[in-house]
Amino acid sequence: MPAAPKPQHTPRDRFFHFRISTPEIEAINRHAAQAGMRPGVFVRDLALSGGNLRIVSRVDESAVFELRRLGAMLKSLYPKESNWTNEEKRAHWAAMKAVLEHARKLSGEDDAGGEHGDA
């Protein structure tokens, strides 16, 4: 099976210079490192996105995956037919929703409600 062709891109042969303070460059370096990007790529992508660059660090990606996995496990353990009280069932459901909400916040997704909505 032949390899897919690489997408064509415009060569980057120009430099853009600007002045920046020491605290600003430290903040850019810190944010770029958190996103797993080089500072120049970080600044370029941020500028080209109009300030709407969604950045999820690699640590956050693994945390999001694990939180979603835990939420799914909690959902599968929900007792459909048991002698749990309504209060115990609500606590279980609230824990699952809290885990999934933390995953949603870490991933930077908009808060569009859960699978079952807010009751």
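Why does F16 count as exposed? Its relative accessibility is 71%, and the cut-off for exposed is over 50%, so F16 falls in that class. Before going further: this is a predicted model.

Let me stay with F16 for a moment. F16 sits in the segment before α1, and that helix covers residues 22-35. F16 also belongs to a nonpolar surface patch, together with F18, I20 and I25. The accessible area of these four residues together is about 410 Å².

Two members of the patch, F16 and F18, also come up under ring geometry. In general, one describes a pair of aromatic rings by the distance of the centres and the angle of the planes. The count for this model comes to 1 aromatic pair. That pair is F16 with F18, with the centres 6.2 Å apart and 45° between the planes, and it is classed as tilted.

Now to a charged residue, K89. K89 is part of helix α4, which runs over residues 86-107. Is K89 buried or exposed? K89 is buried, and it has no salt bridge. The nearest side chain of opposite charge belongs to E88, at 8.4 Å; the salt-bridge criterion is within 4 Å.

What does K89 touch, then, leaving out residues up to four places away in sequence? The contacts are Y78, P79, S82 and W84.

To recap, there is a nonpolar surface patch that includes F16 and F18, those two rings form a tilted pair, and K89 is a buried lysine without a salt bridge.

Key:
Residues numbered from 1 in each chain as written. Predicted model: local features only at pLDDT ≥ 70, side-chain atom pairs only at ≥ 80, totals over all residues. Heavy atoms only, no water. Helix = DSSP H or I, 4+ residues; strand = E, 2+ residues; numbered from the N terminus. Buried < 20%, exposed > 50% of the residue type's maximum accessible area, 1.4 Å probe, protein only. Lys, Arg positive; Asp, Glu negative; His and termini not counted. Contact = heavy atoms within 4.5 Å. Patch = residues over 30% accessible without salt bridge, like charges linked within 9 Å, V, L, I, M, F, W, Y side chains within 5 Å. Areas by Shrake-Rupley, 256 points an atom, 1.4 Å probe, with all protein chains shown as cover. Phe/Tyr/Trp six-rings, centres within 6.5 Å; stacked < 30°, edge-to-face > 60°.
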